[in-house]
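Here is a short report for a reader new to this structure. Look over the sequence and the model first, then read on.

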Amino acid sequence: MQTELSHKDPTPIISIQGLAKSFGPENQVLKGLNLKVAKGESVVLLGRSGSGKSVAIKCMVGLIAADSGSIKVFDKDMLVMSPQQLNETRLKIGFLFQSAALYDSMTVAENLGFPLRRHSPELSESEIDNSIKEALESVGLLDAIQKMPSDLSGGMRKRIAMARTLILKPEIMLYDEPTTGLDTITSREISDLMLKIQEDHQSSSIIITHDLACAKRTGNKVAILKDGVIGVEGTYEEVSKSNLPWVQDFFID
Amino acid sequence: MEEVSKHTFVLQQLRELFLAMGKATLFNLRFFRELFFPPTEWRETLKQCYLMGWKSLPLVSITGFIMGLVLTLQSRPTLVEFGAESWLPGMVGTSLIREIAPVVTALICAGKISSGIGAELGSMKVTEQIDAMEVSAVNPFKYLVVTRIVATTLMVPILVLFADLVGILGGFAGISIKGDISLISYATKVIESLDFIDIIPATIKSCFFGYFIGMIGCYQGFNASNGTESVGRAANSAVVIASLSIFIIDMLAVQITDLII
């Protein structure tokens, strides 16, 4: 069952069709997921724990192999790409992990410089340094440049991880529970930062969250995953006013 | 009924064993494929060589010196009894170079390096750092696994040669406690007792020790399942399997050397 509460269909930058993934014969997580994201659009993916939200975005970047379906990014199917094509597309996608996933053995500056040194060999060291400082300034953490990830708070780690993805100037951002484990104020700061990134970079986003305040603040569209498919989608206001009892459960205080 | 369940259990265990062997074989094959395809991570390989080689020198030095000293002190009474005390330098040198230094150094490296790699990569896996690397279009296998295995394969033989040298010096210290021999005549006796052929099989054997120490550490860490508990398990199984592999390789190397020489 798929109920569309609003229908907006400009040329999608991400188009997921019939995505299926199972972990063993009795655990089919995604059962034909369909989702479209337009350029500059920000889609919040809600769903209960274990409903397959993270699996869906991990399939998008090739971290998990999908069983069937198609994931078209910039009109190219990610599931049938060669490893080289996949890597080229990955450079256009920024992924913020739930745990921030900063490299523990590197300083903040080395964390940010790591992808840049590999993918932009034409840049001089001073240009790399400038890009690192610019990215850190955009998340308001220039002071942390020489710190180790272990010296940072949860919120700071998330912001540094955002800076690390921004340094490659991605056109698509995927956020996996960006505000989980953070206090209300820090969550709001992270949400504001996500909005700023969308405005500054005109990037499209898929945001997985359980934080309704973050969903309301950052999403142009909300989609709720149920039984392996998108059960309902629309604007935050439309979805929150849905009469479906299982949708209402998400919005009860 | 009980017999059927026992039968099923054995089949299940065998299936898991073959699956693990298949996975390990694929991991090895992937290493060789990635090793010979560019780009090469020179900087990270050199860093790992420094971390694994240079940083292990103090431990290998102390252990090597004690090995030589103890071997001399333990062997001396028996040789004195047979009036063969003059054979002591040659015996110490040959035993150290052929067998004791390679095996003991490799076991130390299994404990220090293999477990370290297992824990480091296991922790990176659990905290999604390996996924983050992959998502940023960096090949984590090449960056993390290939560099470490190359470093252990190169560094363990060098550490073994260093342990040989320090062990021989330890032997000299042992002889000097109860005897009177100059360092030059001791060294001459050690060198006279050695053939070039003693060093070659021991060095080749050490390369295999190094390869397996790195490979097992990386395999255990890279395949750690999610959860912090698996980090400890990866480090622990890396040491156990690497140590066992060292003895198996040593046994095979001795047989092959006997057949060839």
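Strand 8 (residues 172–176) of chain A and strand 9 of chain A run parallel and pair over 5 bridges. Strands here are DSSP runs of type E with at least two residues, helices are runs of H or I with at least four residues, and both are numbered from the N terminus. Two strands pair if DSSP finds at least two bridges between them. Asp176(A) sits opposite Ile208(A) of strand 9. Strand 4 (residues 42–47) of chain A also pairs with strand 9 in the parallel sense, over 4 bridges. There, Val43(A) stands opposite Ile206(A).

Strand 9 covers residues 204–208 of chain A, and 5 of its 5 residues are buried, so it is largely enclosed by the rest of the structure. Buried means under 20% relative accessible area (1.4 Å probe, protein chains only). Ser204(A), Ile206(A) and Ile208(A) point one way, while Ser205(A) and Ile207(A) point the other way. In a regular strand, side chains alternate between the two faces of the sheet.

## An antiparallel sheet in chain A

An open sheet of chain A holds 4 strands in the order 3-2-5-6, with antiparallel pairing. Its edge strands are strand 3 (28–38) and strand 6 (76–77), each pairing on one side only.

Strand 2 (residues 12–22) and strand 5 (residues 68–73) of chain A are joined by 5 bridges and run antiparallel. Ser15(A) has Lys72(A) in strand 5 as its bridge partner.

## Where the chains meet

The contact (heavy atoms within 4.5 Å) takes 20 residues from chain A and 15 residues from chain B. About 1,600 Å² is buried between the two chains, and carbon and sulfur atoms give 56% of that area. This buried area is the accessible area (1.4 Å probe) that two parts lose on being put together, summed over both.

The interface has 3 salt bridges. A salt bridge puts a side-chain nitrogen of Lys or Arg within 4 Å of a carboxyl oxygen of Asp or Glu. Glu41(B) and Arg118(A) form a salt bridge at 2.8 Å, N to O. On the side of chain B that touches chain A, helix 4 (88–126) and helix 5 (129–135) of chain B each supply at least two residues. Helix 5 gives the largest share, 6 residues.

## About the model

This is a predicted model: local features need pLDDT of at least 70, side-chain atom pairs count only at pLDDT 80 or more, and totals for chains, interfaces and linings use all residues. Residues are numbered from 1 along each chain as its sequence is written, chains are lettered from A and ligands numbered from 1 in the order in which they are written, and side-chain values use heavy atoms, leaving out hydrogens and water.

Technical notes: Buried < 20%, exposed > 50% of the residue type's maximum accessible area, 1.4 Å probe, protein only.
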